Amino acid sequence: MKCHHCDKQATVHLTQILNGQMHKMDLCETCAQEKGVTNPENLSIGNLMEQDGAEVDSVSGSMVCETCGTTHQEFKKGGRLGCEACYHVFRPVLDPLLDGMHAGVRHQGKVPAGSKSRVDFEQSIELVRKELQEAVEREDFEKAAELRDKLHDMENESKTIA
Amino acid sequence: MFHDLFTTPSKSRKLPKSIPVTLSTRIRLARNLREFPFPGRAETSQKRAVLTKCMDALSVVKGLSDSFSVEVDDLSELDRQILVEKHLISPELSQVEEGSGIVLSEDRNCCIMINEEDHLRIQVLRPGLDFGSVWKLADALDTGIESAISYAYDGELGFLTACPTNLGTGMRASVMMHLPGLVMSKNMDKVINAVNQLGIAVRGLFGEGSDANGSIFQISNQQTLGESETAIIERLDSTLKNIVRQENFAREKLLQDDGVRLMDKMSRAVGNLKTCYLMQSSEAMDCLSLVRLASDFGMLPEKYRNLADRMFIEVQPGHVQLSAGKPVEAGFRDSLRAELLRKEFLRAPQIDPSPAAG
């Protein structure tokens with residue numbers, strides 16, 4: 001098992017109950033010392049996550065889900081997300097958490113037939129949207145026009161599916 | 001009245017035969033609808049819309065044709081408590097205010113909670129250790145519901161849930177285990193630590209934060225993402241079989257090392273149940289636990305294991321009031337509980353010590 005912060009072998013295994021949920025983290029001895037794991041008084045996995053990197057902090061500080069209004073502070077405090085869009089908004093802070101929480105970070109289980117075809121369709125729309133943007137950027141306007149029409153058709157189709 | 005449902009037996013219900021150590025198997029799937037905020041973030045009107053949508057979808061799902069649906073608001077305190085004691089709904093759902101509901105299948109094996117922490121919590125519960133059939137049923141129900149409702153699902157993260165600890169499969173598979181051998185030999189902490197390392201959680205009788213009354217524990221998978229449902233179940237199943245082995249080993253050892261003390265405990269438990277005039281639920285749970293153990297050893301007839309399992313539920317405060325037909329204050333409940341136990345154990349025989357000698 002690797003340390004959550006560096007690639008060294010983890011020897012300190014920390015389990016903490018936060019808001020009724022169990023959180024686990026594996027650390028190497030050096031990182032454990034640095035993060036103050038040896039002093040359980042002021043220890044919190046939340047804080048360890050915080051110290052993960054200044055970039056995450058500066059991004060997460062202002063994070064808010066526009067769909068349901070959940071803020072990063074609320075998520076940190078209650079451990080609950082507010083809607084499916086939150087998973088997109090909070091993904092940068094969620095990914096390291098999931099890594100410590102689960103056996104893997106990619107779903108390996110059941111695929112709901114109906115929902116999947118809708119999700120696949122949305123993903124293909126997203127792909128065309130990206131291609132369109134790239135075409136615009138390289139000023140390939142003929143391709144861009146073609147992609148714009150395709151996108152238009154797909155979006156109409158998606159409305160009928162939903 | 002809703003609780004009439006529990007005093008009249010179901011058409012298809014036959015009494016299941018209980019087995020040593022494992023009381024029941026459960027699978028719970030957490031699902032959410034697309035385009036609605038999760039219940040914790042939803043306005044009452046949104047929760048109502050989800051409730052209606054789910055109730056409509058569930059009414060046509062195969063396996064739920066004769067099911068019973070109710071809104072939690074319409075249930076009395078006592079009805080809610082009874083459902084919690086039967087492990088059909090969570091203590092959390094029993095506390096909600098508005099816009100939540102329950103759909104219970106005719107055979108009482110499936111109970112779907114609407115607007116608990118997630119929009120849908122599909123639960124299938126069966127006696128004994130039986131993940132195969134429980135998963136098959138839960139999977140079929142889920143597929144049936146999904147044909148009418150669009151789930152919040154992501155190709156990479158799987159089923160999206162209010163709490164990221166349920167993400168992916170959204171599945172919590174659990175077994176209720178009776179582990180008096182490990183408790184009496186003081187090995188339970190070791191077992192809890194060991195299985196925690198394997199991503200498996202151990203909780204008390206009523207889930208998170210509850211006591212392990214009567215040496216009954218709920219053991220479940222902790223991780224829901226990164227493995228398939230069958231892989232999670234297989235891993236849990238092999239751990240559970242290992243716990244059963246450890247429990248049986250602990251029981252044998254207790255009997256060998258200090259059999260007289262153990263038989264004294266079991267025999268006194270029977271005596272208490274036959275003669276009590278006041279009994280609190282925790283004491284009743286401990287006595288019933290010893291009766292179940294004696295039956296597993298072959299020192300009491302098998303039917304006492306079934307009786308203990310039934311009584312584990314019927315001695316709970318809500319059930320005592322259910323049989324009284326009205327809310328009853330705690331002191332008087334102890335007297336009613338004792339009366340019930342005295343009646344049920346009236347003809348219980350003496351403990352037969354011969355299996356210990358053999």
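Along its sequence, chain A follows the pattern β-β-α-α-α-α-α-α-α-α, that is, two strands and eight helices. Helices here are DSSP runs of H or I with at least four residues, strands are runs of E with at least two, and both are numbered from the N terminus. The model is predicted, so local features need pLDDT of at least 70 and side-chain atom pairs count only at pLDDT 80 or more, while totals for chains, interfaces and linings use all residues. Residues are numbered from 1 along each chain as its sequence is written, and chains are lettered from A and ligands numbered from 1 in the order in which they are written.

Of the 162 residues in chain A, 20% are buried. A residue is called buried if 20 or more other C-beta atoms lie within 10 Å of its own, exposed if 12 or fewer do, and partly exposed in between, with C-beta atoms placed from the backbone. Among the contacts in chain A with a separation of 6 or more, 34% join residues 24 or more positions apart. Two residues are in contact if their C-beta atoms, placed from the backbone, lie within 7 Å.

Chain A also touches chain B. The contact takes 33 residues from chain A and 37 residues from chain B. On the side of chain A, at least two residues each come from strand E2 (21–27), helix H5 (84–89), helix H6 (91–101) and helix H7 (113–137). H7(A) gives the most, with six residues. By class, this side of chain A has 13 nonpolar, 14 polar and six charged residues. Ala, Val, Leu, Ile, Met, Phe, Trp, Tyr, Cys and Pro count as nonpolar, Asp, Glu, Lys and Arg as charged, and the others, Gly among them, as polar.

Chain B is divided into domain 1 (1–17 + 26–168) and domain 2 (258–352), with bounds taken from an automatic or database domain assignment. The C-alpha centres of these two domains of chain B lie 31 Å apart. Nine residues from domain 1 of chain B and nine residues from domain 2 of chain B take part in their contact. Helix H3 (residues 77–85) of chain B supplies four residues, the largest share of the domain 1 side. That side of domain 1 of chain B comprises four nonpolar, two polar and three charged residues.

Chain B also contains an open sheet of eight strands in the order E2-E3-E4-E5-E1-E8-E10-E9, with antiparallel pairing. Strand E2 (68–71) and strand E9 (200–203) of chain B stand at the edges; each has a single partner strand, so one side of each is left without a neighbour in the sheet. Neighbouring strands of this sheet are turned by 20 degrees against each other on average, direction ignored, the axes being lines fitted to C-alpha atoms. Strands pair if DSSP finds at least two bridges between them.

E5(B) pairs in the antiparallel sense with strand E1 (residues 22–31) of chain B over eight bridges, and with strand E4 (residues 110–114) of chain B over five bridges. Gln123(B) in E5(B) stands opposite Arg28(B) and also opposite Cys111(B). E4(B) and E5(B) form a hairpin with five residues between them, and Asn115(B) in the turn has a positive phi of about 60 degrees.

Notes:
Axes fitted to C-alpha atoms, helices over the stretch in contact; angles between N-to-C directions.
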